[in-house]
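Have a look at it first.

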Amino acid sequence: NLIAMFNTQKPPLDNVKVRQALAYAMPYDEIIKTAIGGYGQQSYGIVPYGLWGWSDTLPRYTYDLDKARELLKEAGYPDGGFKLLLTYMSGEEPEKVTAELYKSELAKLNIDLEIRSMQWDSQWELAKGAPETRQDIFVMYWWPDLPSPYSFMYSLFHTEEETLFGLAYYQNQEFDDLIDKANEITSTEPVKAEAMFIEAQKMLLDEAITMFLFDRQDQWITVKNLKG
């Protein structure tokens with residue numbers, strides 16, 4: 001799935017209302033149509049469709065510039081007026097298209113989005129570097145090491161002493177404890193564990209820590225007469 005991680009420690013994105021506003025400015029349907037040709041769906045959370053821990057009971061942000069303007073006003077930015085840096089890995093066409101469409105929408109809010117295409121190592125090193133020079137929005141794909149919600153949530157959102165993949169720089173002890181406990185009871189109480197993983201994803205959505213853009217449906221072309 002494609003995600004856009006907000007730098008939650010850097011102004012103005014340290015303000016939850018600003019993050020929520022930016023999440024409402026993302027043209028989700030247009031991105032799915034244009035960037036991946038309709039082969040996918042808007043994400044409900046970090047867990048992709050079809051995997052344990054996915055739930056359509058989770059709320060989703062929708063494209064709503066009026067709501068975005070309202071939230072920016074509440075946050076003290078009624079006229080926008082700030083600049084953000086978005087980075088993505090060079091050569092990834094869906095990420096490029098997503099960034100360009102987003103830039104166009106943010107311009108309507110008087111927010112200047114700089115798009116920077118980078119090699120992965122450079123993008124990642126910038127994200128792990130000095131806080132004042134880090135990106136504001138980090139766009140990337142993520143997939144699990146293990147088919148468990150814990151693989152997604154621990155790697156990306158559990159508190160880190162040294163930054164690795166937690167590129168939203170999220171620190172929330174309640175979230176950490178919730179997913180750690182859910183992981184512990186995964187084998188013995190799977191229904192309860194899943195509910196806890198879903199609750200944890202709702203926390204990420206309520207705080208607009210990351211924009212969960214789409215779960216991509218990969219297309220594989222095969223030759224009909226290929227057997228065996």
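Q: What covers the buried residues of α2?
A: The cover includes α1, β2 (40–42), α4 (93–107) and β6. Names like these go to DSSP runs numbered from the N terminus: helices are H or I with at least four residues, strands are E with at least two.

By the way, this is a predicted model, where local features need pLDDT of at least 70, side-chain atom pairs count only at pLDDT 80 or more, and totals for chains, interfaces and linings use all residues. Residues are numbered from 1 along each chain as its sequence is written, and side-chain values use heavy atoms, with hydrogens and water left out.

Q: Which residues of helix α2 are buried?
A: In α2 (residues 28–35), they are Tyr28, Ile31, Ile32 and Ala35. Buried means under 20% relative accessible area, exposed means over 50%, and partly exposed is in between (1.4 Å probe, protein chains only).

Q: How do you know that the buried residues of α2 line one face of the helix?
A: Look down the axis of α2: its buried residues fall within an arc of 100 degrees, so they line one face. The arc is that of the directions from the helix axis to the C-beta atoms. On the other side of α2, Asp29 and Lys33 are exposed.

Q: Why is Tyr169 called buried?
A: Its relative accessible area is 6%, and the label asks for under 20%, so Tyr169 is buried. You'll find Tyr169 in the loop between α6 (149–157) and α7 (173–184).

Q: What makes the phi of Tyr169 worth a look?
A: Tyr169 has a positive phi of about 60 degrees although it is not a glycine. Most residues other than glycine have a negative phi.

Q: Why does Ala208 count as buried?
A: Ala208 has 0% relative accessibility, which is under the cut-off, so it counts as buried. Ala208 sits in the loop between α8 (190–206) and β6 (210–216), and its phi is positive too, near 50 degrees.

Q: Why is the peptide bond from Pro11 to Pro12 called cis?
A: Its omega is near 0 degrees, and the bond is cis. Most peptide bonds are trans.

Q: Which residues touch the most other members of the largest nonpolar core?
A: Of its 76 residues, those are Tyr102, Ile137 and Phe157. A nonpolar core is a set of buried Ala, Val, Leu, Ile, Met, Phe, Trp, Tyr and Cys residues joined through side-chain atoms within 4.5 Å. α8 gives the most to this core, with eight residues.

Terms used. Contact means heavy atoms within 4.5 Å.
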